[in-house]
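Student: I would like to learn how to read a structure feature by feature. Please take me through this one.

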Amino acid sequence: MHQPVDTLIHARWIIPVIPEQTVYEHCSLAIVRGRITALLPSVEAKLRFAAKHEIALNQHALIPGLINTHNHAPMALLRGFADDRPLREWLEQHIWPVEQRWVSPEFVADGSRQAIAEMLRSGTTTFSDQYFFPEAVAVAARESGIRAHIAFPVLDNPTPWSRHSEEALHKGLALRDDYRTHERIEVVFAPHAPYTVGDRTLEKIAVYAAEAQIPVQIHLHETSREVDNALTHSGERPTERLLRLGLMGPQTLCVHMVATNEQDIELLKMSGAHVAHCPSSNLKLASGFCPANEMLKAGINVALGTDGAASNNRQDLFAEANTASLLAKAVSGSATALPAHQALSMATINGARALGIETITGSLEIEKSADIAAIDLGGVEQQPVHSPLSQLIYAGGGHNVTDVWVAGKQLLKERRLQTLNEAEVIQRAHLWRDRIAGQAR
């Protein structure tokens, strides 16, 4: 008698990420109640299982859904708004003024839906977000079916969402209580950066995080200027300051880390902190290079993020994996630096470790959540396929993703979004473009 399962997916290749550098050919995944229950040859799967939904993807690779460890999703509405400008001018004369004028729950909801739509269409099944009105981001994530870490922003100064850090902490912890039992959404701390949050607030967050085991995400060593200013002000590098305040540890995700030295790398390694590498954003803003390859060699967990669309223009994590690999080779002068399989790990299991969800997702293993992306490798641009792993990183992209599942629920089917109205998302983007352009005239 055939064993009943909810979904059975047959694929030309399955790349589980764990075990590393493994590629299974002509194999299948069985899914029951949102979890992977079997990974076996397709010939055996067809004899063993009776599925409610059976899907044949004969020219596809199945991989774990990608994990975007750093984003400002609502900034999708500012894509291309102020390109090709120096960092300070970009921030102070363009981004901050337009945010001050327009950021609201409505802006955040519309921008989040647009970013989520783009992420799903490019294979991302989990994202970590840091932006104002995080409750609106959480609603968009909940309704879309994507998995999310909502990192609520804490700054000492007033923002569109909070008057000061005390109010931000109060609102953020209340939001965390609202989602405490949600299966896909976790609310975590996001002190914005060492230069916008004082010692007292950082110490308070460190205590909360340690007592309740809540992850923390912070922009750190974002530019060499940040580090130089910190040294001038206090004589401490930002990493040293966070260590002194109790905020550098296995629960901490350090975003960017472009201005680093050997001391910083040793501190990261010793503390067990994670790094979110955002190569395209750093390159576009000329912020510097995160030494991802050196960090990985040192045993530091390095994951990938897109950053917001205002400083990247794309929410495609395949593009980040490609850029990370090529950048590591160029900076190190070694063609063997950060190979394709390691870049894919950065976009999947390393991201899961950075968010503390590696027992749930990040690889295609039995009992893990069925968070899956299917990539079509049958196009002329991918031929011939000598190595599907290499094709994913060096010859493919988010546009090759055809199907996506989160917890066994199909959110993208043959390139069509299943939980979001694409036409409505585009219409709302046009509305915000016209509003912002009207203000600028």
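Tutor: Let's begin with a proline: Pro19 lies in the loop between strand S1 (3-14) and strand S2 (24-32). Strands (E, at least two residues) and helices (H or I, at least four) are DSSP runs, numbered from the N terminus. The model is predicted, so local features need pLDDT of at least 70 and side-chain atom pairs 80 or more, while totals for chains, interfaces and linings use all residues. Residues are numbered from 1 along each chain as its sequence is written, and side-chain values use heavy atoms, without hydrogens or water.

Student: What is the peptide bond from Ile18 to Pro19 like, cis or trans?

Tutor: Most peptide bonds are trans. The bond from Ile18 to Pro19, however, is cis, and its omega is near 0°. Gln383 to Pro384 is also joined by a cis peptide bond, with omega near -10°. You will find Pro384 in the loop between strand S13 (372-376) and H15.

Student: Where does Ser311 lie?

Tutor: Ser311 is in the loop between strand S12 (302-304) and helix H12 (317-332). Ser311 counts as buried because its relative accessibility is 4%. Compare sequence with space here: Ser311 and Ala82 are 229 residues apart along the chain, but 8.9 Å apart from C-alpha to C-alpha.

Student: How many residues of helix H13 are buried?

Tutor: Seven of the eight residues in H13 (residues 340-347) are buried, so this helix is mostly covered. Among them are His341, Leu344 and Met346.

Student: And how should I read a pair of helices?

Tutor: Two packed helices are described by the angle between their axes and the distance between the axes. Take H13 and helix H15 (residues 388-395): their axes come within 9 Å and cross at roughly 70°. That makes H13 roughly perpendicular to H15, a term for angles of 65 to 115 degrees. Axes are lines fitted to C-alpha atoms, over the stretch in contact, and angles run from 0 to 180 degrees between N-to-C directions.

Methods. Buried means under 20% relative accessible area, exposed over 50%, partly exposed in between (1.4 Å probe, protein chains only). Angles under 35 degrees count as roughly parallel, over 145 as roughly antiparallel, 65 to 115 as roughly perpendicular and the rest as oblique.
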